Every structure is written in C-alpha cells, then in structure tokens.
Amino acid sequence: MSESTEPTDFDSPRPAGPVNASALIVNSAGEYLLHLRDHIPGVWEPGAWALLGGGREPGDASLEDTVRRELHEEAGLDLPDLTSFAVDTVPGTDGSPVPIQVFTGQWNGNPDALPLAEGVMLRWFRPETMPRLRLARSTLELIRRHARLSGPRDHDRLSRPLSKQRGVPGAGASGRSVFTVIGVHLYLENPDGLVLLGLRHSDSAFAGESWHFLAGHCEWGESMLACLVREAEEEAGLIIQPEDAELVHVVHLVDEPGGQPRMGLVFRVRRWQGQPELREPDKCLAWRWWDPDELPTPIVPYTQAAIQGIRNGRPHTELGWRTGLPSGSGADAPALPRAQHNATPADLPGPDMSDTAYMRSRHAVWMSAAAIFTDALQRVLLVKPTYRRQWLLPGGAAEPHESPRQACRREITEEIGLERVPGRLLAVHWLPPNHPDIDAGIQLPGEIRYLFDGGTLADDEITDLRMPQNELTGFEFVDSTQLDQHMIPLDARIALAALRARLSGTTAHLEGGQHVDEVPPLDRHDVRLRFRAGLRFPLLTEPLPADLAVRQSWGWLFVPDGRVVLVVDPGNRLPALPGGTVETTDASPEETLRREAVEEAQITIGEPVRLGWVHDTTGGVDGGPGSCARLRLAAPVTEIGAVATDPATGRTFARLLATPEQAAALLGWDEQVLQQAELAARVAHTRWGIPRATPSAITELPKEGFGM
C-alpha cells in the first residue's frame with residue numbers, strides 16, 4: 001500500500017470486489033519480501049511490515065495494472081510475471097473488512113539495491129521468523145498458506161513432497177528438493193592441446209589468486225548456453241556460438257558436508273572468434289594457455305578434477321560429499337587440496353556483498369536423478385505412481401546435501417527395493433521454469449535431472465522387485481516403441497535419449513526434452529529397438545538341407561574399422577541388417593545380399609561368406625509360405641555410394657555405423673544375435689583382416705558417400 005494512504009474504503013454501497021492490490025514476492029530460497037512502513041502520523045499501519053501495493057487509480061485498467069504501478073513507484077520493481085493468488089481482507093477505517101487482491105511474483109535480487117521511494121526498508125524473511133515481526137495477522141496467514149502450497153513440502157497433503165505432486169514432469173522423489181547453484185565453464189583447447197585458464201583477482205569473492213576456467217552463473221531465466229556465450233564475450237572478448245558448445249563434464253560438489261551444493265557444467269568449444277583479452281581486470285588478472293599435464297598452482301580443485309576427467313573420458317565428478325557411497329564415474333578423481341594463498345584470511349579483502357546476499361543472488365534450481373533399467377530384451381523399466389496417471393522412470397528429487405548419484409541410489413532402493421550403485425551418466429536434462437508441460441500453479445525455478453545407467457536386470461532380480469504401496473501401484477517393462485503411450489511426451493523423449501545414449505556409449509545434453517548439441521543419429525531418426533519376446537531363432541551352422549528353401553538373406557557388412565552397417569526404415573523406425581527376400585531373378589542368396597545392399601544402403605560389398613542359417617518353421621515373414629531358411633552372411637564393404645531411395649519401398653533408409661555389439665543390442669535378439677555378432681566379427685578378422693571395433697559412438701554414413 002502507498003504509505004500515505006490506507007486501503008481504499010467506500011461508504012455504502014461497497015463495491016462487489018477488491019479495489020486494492022498487493023504483491024507477495026518470493027525468491028528461490030523461499031523468502032518473502034516485506035516493506036517496513038514509516039512510523040509517522042497519517043501512514044496506514046505505521047511502523048509495521050507489510051506487502052508492497054496500493055489502491056486502484058483511475059488510469060489503472062485492472063488490479064494487475066495497479067500492483068505493477070505501485071511496485072514501480074514504491075521500489076522500482078518491474079516483475080515479468082504476476083499471478084493472481086488470493087484475496088486478503090484487512091480492517092478499514094470504520095472497522096469493516098476491505099478486500100485486497102494479492103498477486104504473486106518471483107524475484108531473486110538484492111532489496112538494498114532498489115530505489116525505495118517510501119518507507120524505511122525492504123527485507124527478505126522466511127515464514128518461520130515472521131511471528132516476531134509487527135505484521136498483520138491476515139498477511140502472516142496468507143504468506144504461510146502460500147509457503148505450504150509452494151514449498152518443498154505441502155503439509156496439507158500429509159507432507160508429500162512437491163516433486164511428487166501432479167504437474168511436475170518426471171517427478172518421483174521421496175524427500176525434499178534441494179536448491180543447487182549452477183555454474184557454466186568454458187573448456188578451450190588451442191591447436192597445440194593447451195587449455196585456457198584465467199588467474200582470478202586477489203579481491204575476487206571466489207578463489208582469489210587461483211587459476212580457473214572462464215566461468216559464470218546463469219542469470220534468472222537464462223539458459224546454460226546463453227550464459228556461456230555471454231560470459232565468454234564479457235570476460236575474454238571471445239565470440240562463440242551455442243551450437244558449437246558440447247557438454248563434456250559435470251562436477252557436483254560441496255565445499256564441506258552439509259554446505260551449499262554447487263554444480264559446474266563444463267562445455268568444450270572447438271571453434272571461436274577472437275583472442276583472450278582482459279575485459280574484466282577487477283576479476284581476472286591474466287589469461288594463459290596451459291599444458292594439461294603441467295597445470296599451474298594454485299588452481300581451483302574442481303577445475304583440475306574436471307580437466308583430468310575430460311582427458312580420461314569421464315563425464316562426471318563429485319567432490320566434497322559425505323563418504324559412504326562410491327563416486328562411480330568420479331571415484332578415480334584425485335583428492336585435491338584447497339588452493340593455498342600467501343595471505344591470511346584476515347589480510348584478504350572481503351567481497352562487496354554479504355555471504356547471505358551473494359547466495360541469494362545465485363540461480364537456484366531443483367535437482368533430481370533417475371535410472372534406466374532394462375530387461376534382457378532391452379525393455380525399459382517404468383513404475384506407476386499413485387499420484388499421477390502417467391508412468392515414470394525409477395528415481396526422484398535429491399534430498400538436501402545429496403549428490404545426484406546418492407539420490408539415485410536412495411530412490412531406487414526406496415522405490416523398487418533394489419540395492420545397486422548407479423552406473424555411468426547417460427543424460428543431463430534442464431527443465432526450464434516456463435516449460436508448457438508444467439501445470440499452472442507449480443512454481444518451478446527450473447530443474448536439472450540426471451539419468452544414470454541402471455543396467456540390465458536378471459530374471460531373479462525382476463522377481464525380487466518390491467515397491468511401496470502408498471507411492472507406487474506397480475511396474476512394467478515397456479518396449480521402446482511404446483514409451484510414448486505410457487509417459488508424457490517430455491518424459492518419453494528424455495527416456496529415449498538416455499536409452500539411446502546407453503546404446504551409443506555417449507552422454508546426452510538436453511534442454512526442454514531436446515538435444516542442445518548436434519542431434520545424435522539414433523535420435524535424429526527416432527530409432528526404436530526391435531522387440532522379439534518369445535521368438536527363438538538360434539543360428540544353425542550345419543549344412544542346409546537340400547529340400548529347405550532359402551527365403552531371405554541378411555548380412556553383417558563390415559567397414560575397415562570393424563563396425564557394421566545398419567539400415568533404418570523410416571516407416572517403422574526399426575534398425576535392421578541390410579538384406580531381404582530372395583527374388584526369382586537372384587542367382588543365389590549371396591546375389592540377393594549384393595542387390596539389397598545396393599538398393600537399401602547404396603553399398604557395394606566383396607565376396608560374402610555364409611555364417612549359418614535360422615529355421616523359420618512357419619515362414620511368417622513371407623505371409624506363411626511354409627518352412628524355410630533365412631541365411632546370415634558376412635561381407636566386407638568396398639564402396640559406399642550417395643544416399644538414394646529404395647526402389648522396393650519408395651523410402652530412403654538411414655545408414656548407421658555401429659560396433660557389432662551395439663548392432664546386436666539394437667536388433668533385440670538377446671543372446672541369439674550376440675552370438676551372431678561375435679561369429680561375424682571373428683570371420684571378418686580371419687578372412688579380411690578387419691580389426692575388432694573399438695567402443696565408439698554410433699554414427700551415420702555421409703549422404704554423399706565415399707570410397708573405401
């Protein structure tokens with residue numbers, strides 16, 4: 001309210017609705033902004049704490065216009081989003097009730113920096129401290145109500161965590177969400193393999209006189225890549241493009257057990273414009289390229305750990321967490337000392353703001369973790385929560401002071417009764433606050449979700465799965481082609497990206513369900529896994545019976561590095577080996593494979609070798625012509641042509657390169673196809689000297705083709 005006036009009151013008849021408006025402003029730490037009024041005559045509720053706001057004026061088109069005008073006039077505040085929350089009632093001059101329309105908004109700034117035009121001060125307060133203030137009872141109850149509805153726990157719902165309420169995509173956590181400070185870091189290597197680091201100024205509030213990445217924090221509403229682009233130009237005059245940034249390492253750390261969690265996202269950029277220059281000499285004293293084997297001292301400990309992790313191909317490091325859980329992908333990170341300084345703490349200048357103000361200004365988000373479990377047929381384990389219609393991956397929100405891996409391990413134990421340390425990191429997903437899949441009324445500051453590899457569950461492990469009846473009603477292993485029918489679209493895209501990253505040996509970086517970096521081939525073509533439950537077609541190596549017709553011919557086609565070619569039909573999005581039905585015009589099954597390789601994949605092959613055959617007792621693939629054989633062959637690729645349309649189907653197939661083991665997983669035949677893959681690789685090595693393929697990401701053949 002404007003200080004000089006009380007709430008607008010009227011003689012009878014009183015208007016039907018409110019003619020006053022106020023703003024209930026909350027930050028990411030759950031604190032509320034209150035205004036201390038002057039203690040002078042003529043001021044409504046003098047010397048009391050209250051919400052900012054005032055009475056409607058003739059020029060206000062709505063009460064939202066009223067509160068926006070009052071916020072700007074009283075405190076210079078302009079909030080992008082205000083939502084109607086409730087009607088508060090205060091006593092008028094005659095003691096009769098006066099309604100006030102209350103709006104809610106979110107802001108994470110320093111109130112001392114606002115140009116306060118009225119009153120004594122603005123301060124942040126947590127609801128539990130407000131009973132000690134001189135504050136209207138109705139305002140206190142209003143704030144408590146908002147805190148119950150918006151906080152980590154909703155006491156009106158038997159303390160069910162907000163992340164388990166309807167409306168938060170992918171939520172499935174036991175316990176409270178934890179706010180984590182997010183930082184982005186730039187990893188640059190010059191052509192000589194040297195890494196760019198900056199020497200922090202001695203007056204820096206963080207890591208003074210230590211070497212560190214070019215780094216910064218996301219501002220409110222800013223994406224990670226937008227922050228990276230901004231910081232690179234502001235700090236060093238470097239111009240980078242978001243599409244050139246690749247997430248290569250994640251550090252999750254606390255300075256000490258129980259401290260504020262921080263997450264460092266390290267992006268590699270291979271192309272940039274400009275040379276490093278000192279744009280902010282009050283923060284950075286020098287930029288220098290360093291040999292990663294001879295890093296300078298002192299260096300920020302997690303910077304050194306991240307550089308070592310990137311060089312070792314490790315995507316994730318955890319530092320400073322309580323012991324008791326192996327760090328997994330970060331377990332081999334060395335114990336690093338804190339950066340040492342010549343000056344004592346008393347000699348060092350302090351930061352320009354208090355620790356409380358600094359932490360309040362940081363971008364705080366929710367954090368959760370989930371796991372991808374499959375059965376032997378590559379079906380994904382989903383659980384059915386009692387509080388949502390859709391299915392979820394096992395997992396949920398991190399509790400205070402938990403690392404993502406610790407949260408994932410605790411959640412899978414609580415939700416499915418499985419004691420297992422999560423495997424490698426498959427995906428990191430950023431859910432922005434304004435994503436359309438978030439239900440109205442859910443005040444989400446943004447969420448970072450980690451997805452880990454849970455592995456393949458054996459039959460006895462599946463039998464032993466146990467779930468809390470008050471939280472989950474059951475589980476199901478779902479074929480990848482059916483995930484869209486079980487999950488909301490956003491969660492299905494995240495789960496598929498993680499599953500494909502597991503198959504490809506990569507880690508996916510996602511924002512809003514979409515890849516941030518170049519979209520990998522499996523995602524680009526929306527590839528699903530074949531599901532062959534109950535089908536048994538063992539590879540037979542004995543001579544083919546003379547009276548058994550060969551109806552199909554399929555080939556393991558090897559390129560010189562030991563990988564094999566897969567084709568993906570856009571009609572069903574399922575991968576397959578090149579090959580097909582033996583036509584009457586084909587001189588032999590080997591000629592069938594040659595023809596199909598050219599038609600489907602535009603590939604020329606050398607002399608095929610028979611690996612064996614499978615017996616189809618019904619001939620179901622050909623409409624039931626009767627018992628037949630399907631040949632399996634191996635051949636070297638001699639030439640790859642430009643992509644073209646398959647004359648038989650009129651469709652253009654995607655052409656992928658995968659290791660034999662990856663191909664086996666995509667084809668979905670369980671141990672049957674693994675045996676085929678092993679035999680084919682052995683023959684390729686023996687007959688043509690083709691080496692065993694080393695683990696690598698699944699790639700796509702270039703559209704223009706190339707010679708071998």
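F452 is buried, since its relative accessible area is 0% (buried means under 20% relative accessible area, exposed over 50%, partly exposed in between, with a 1.4 Å probe and protein chains only). Y450 is buried too, with a relative accessible area of 0%. The model is predicted: local features need pLDDT of at least 70, side-chain atom pairs count only at pLDDT 80 or more, and totals for chains, interfaces and linings use all residues. Residues are numbered from 1 along each chain as its sequence is written, and side-chain values use heavy atoms, with hydrogens and water left out.

A pair of aromatic rings is described by the distance of the centres and the angle of the planes. Rings of Phe, Tyr and Trp (its six-membered ring) pair if their centres lie within 6.5 Å; planes under 30 degrees apart count as stacked, over 60 as edge-to-face and the rest as tilted. By this rule there are seven aromatic pairs. One of them joins W211 and W290: the ring centres are 5.1 Å apart and the planes stand at 75°, so this pair is edge-to-face. It links distant parts of the chain, with W211 in strand β12 (residues 211-212) and W290 in strand β16 (residues 284-290), 79 residues apart. Strands (E, at least two residues) and helices (H or I, at least four) are DSSP runs, numbered from the N terminus. W211 is buried at 6% relative accessible area. W290 is buried at 18%. The rings of Y450 and F452 have centres 5.9 Å apart and planes at 10°, so they are stacked.

Now turn to a loop. P578 sits between β28 (575-576) and β29 (579-581). Is P578 buried or exposed? P578 is buried, because its relative accessibility is 0%. Its contacts (heavy atoms within 4.5 Å) include W554, L557, V565 and L593, not counting residues up to four places away in sequence. L557 is 21 residues from P578 in sequence, and the C-alpha atoms are 7.8 Å apart.

Helix α12 (residues 660-667) packs on helix α13 (residues 671-688) at about 155°, with the axes 9 Å apart. Therefore α12 is roughly antiparallel to α13 (under 35 degrees is roughly parallel, over 145 roughly antiparallel, 65 to 115 roughly perpendicular and the rest oblique). P660, A664 and L667 of α12 meet V673, L674, A677 and A681 of α13.

Technical notes
Axes fitted to C-alpha atoms, helices over the stretch in contact; angles between N-to-C directions.
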